[in-house]
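Dear colleague,

Here is the structure I promised to pass on to you, together with its sequence. My notes on what was found in it follow below.

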Amino acid sequence: MLERSAVVGGCGYCRPHYRDDRRDLGVIEFQAVTKRFDDGTVAVDELDLTVDPGRITVFVGPSGCGKTTSLRMINRMIDATSGAILVDGKDVRQSDPPLLRRGIGYVIQQAGLFPHRTVLDNIATVPLLAGWGRAKSRKRAEELLETVGLPASMGSRYPAQLSGGQQQRVGVARALAVDPPVLLMDEPFSAVDPVVREGLQDELLRLQGELDKTIVFVTHDIDEAIKLGDKVAVFRTGGILAQYDTPAELLARPADDFVSNFVGRDRGYRALGFLAASGLTVGELASVQLGDTAGEARRKLSDGWVVVVDERKHPCGWLSADRLSDVDEAATVDTDLVQSGGSLYDTEHGSLRSALDAALSSPSALGVAVNGSGELVGSVTADEVLRALAAARTAGEVPR
Ligand SMILES: Nc1ncnc2c1ncn2[C@@H]1O[C@H](COP(=O)(O)OP(=O)(O)OP(=O)(O)O)[C@@H](O)[C@H]1O
């Protein structure tokens, strides 16, 4: 079957749509912040950085470069040696740590749930501490279970009775319980397998589209950083900020060799994920519908291929001249006959990367283009994508 790319990632890092009434709470400022541990290790060195409110900021870099230390200084799990961290203009050192942490949700690797409490009790922990009372805290926990996409029946389970991905969702629900403006997430998805991880990332972006939290997210995975971050801070060993930019800028204009190497050798290809494919010409594409006859499909073949759609006009695969050659004229085109192939290019939300991917992954070399509702609208070729790329270059959207 043809695969619709995930909302994020495959189709080129579509961003969540922020509400116009996005919150302005949760500005975090690092002002010349240094952390020197007792043994002399400088984990963070003179960090100056402002985290935008209502956005996702990712701290990324190699192991030991000071990401976690920087994160934990925000909620005072670690105190800075010098410099200041301000949250909404107030130095965190002037806040009582337990009170400060109530306004700052915290999610860690493997969720860190209390093993002897049920899922609902885990989520209700902070509301109870904040004095919400049992009934209100429980109601909030039930709501949040739904918010993070878990069935109500899981509320009475214990963490060990959940998968890693489900535990992580509970961890997010718990962090959101008293609706804090700021969420700190320390490698929250690194203990789950890549498929679950991608699902959790998509879910986080969906949630963020509704919640508009100020999220600081730590990872050592540049792909995760580029997918999730509105802005990405790349750290180098010694706790030095190497570059702080949007993912598109990071890929297009890495500040130095360290950043360039860190973002990877295929950064040019990945940067295509941030180029809108609006200028791309979508060509015609011959199609038949499931239920049509093989004879009809044969007559519609173009360069040996015809695409097959279902009754909703959603593409479901290809038929080749080869495949049709030994099929009876009157035979019905059904899913058994159809050859799977390739990703789809969404003309409304897709990027040049997703268009190129659709073309390269198609057995006919024609990328299948669909509209926002998933209906077939035509085809794209790799040559056409390269032409659009050249035009973007001329327009100055891509560095020369
Ligand atoms: N309590 C401590 N005492 C001494 N050194 C420490 C302490 N905690 C962290 N460090 C050191 O500070 C540096 C930064 O550590 P930090 O945990 O912030 O890095 P990180 O970028 O989050 O790494 P990772 O990706 O491996 O989790 C490392 O060299 C680490 O060994």
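This is a predicted model: local features need pLDDT of at least 70, side-chain atom pairs count only at pLDDT 80 or more; totals for chains, interfaces and linings use all residues.

Strand 14 and strand 15 (residues 367-370) run parallel and are joined by three bridges, and they are part of an open sheet of three strands, ordered 14-15-16, in which the pairing is mixed. Because strand 14 (344-346) and strand 16 (376-380) each have a single partner strand, they stand at the edges, and one side of each is left without a neighbour in the sheet. On average, and with direction ignored, neighbouring strands of this sheet are turned by 35° against each other. Helix 14 (residues 352-361) packs on the sheet, where it touches strand 14, strand 15 and strand 16, and its direction makes about 155° with that of strand 14.

As for the overall layout, the domain assignment gives domain 1 as 28-266 and domain 2 as 287-394, and the centres of the two domains, taken over C-alpha atoms, are separated by 41 Å.

Finally, the ligand is surrounded by 13 residues, of which the closest are Phe37, Ala43, Ser63, Thr68 and Thr69.

Technical notes:
Residues are numbered from 1 along each chain as its sequence is written. Domain bounds come from an automatic or database domain assignment. A residue is near a molecule or strand if its C-beta atom, placed from the backbone, lies within 6 Å of it. Two strands pair if DSSP finds at least two bridges between them. Helices (H or I, at least four residues) and strands (E, at least two) are DSSP runs, numbered from the N terminus. Axes are lines fitted to C-alpha atoms, for helices over the stretch in contact, and angles run from 0 to 180 degrees between N-to-C directions. Two residues are in contact if their C-beta atoms, placed from the backbone, lie within 7 Å.
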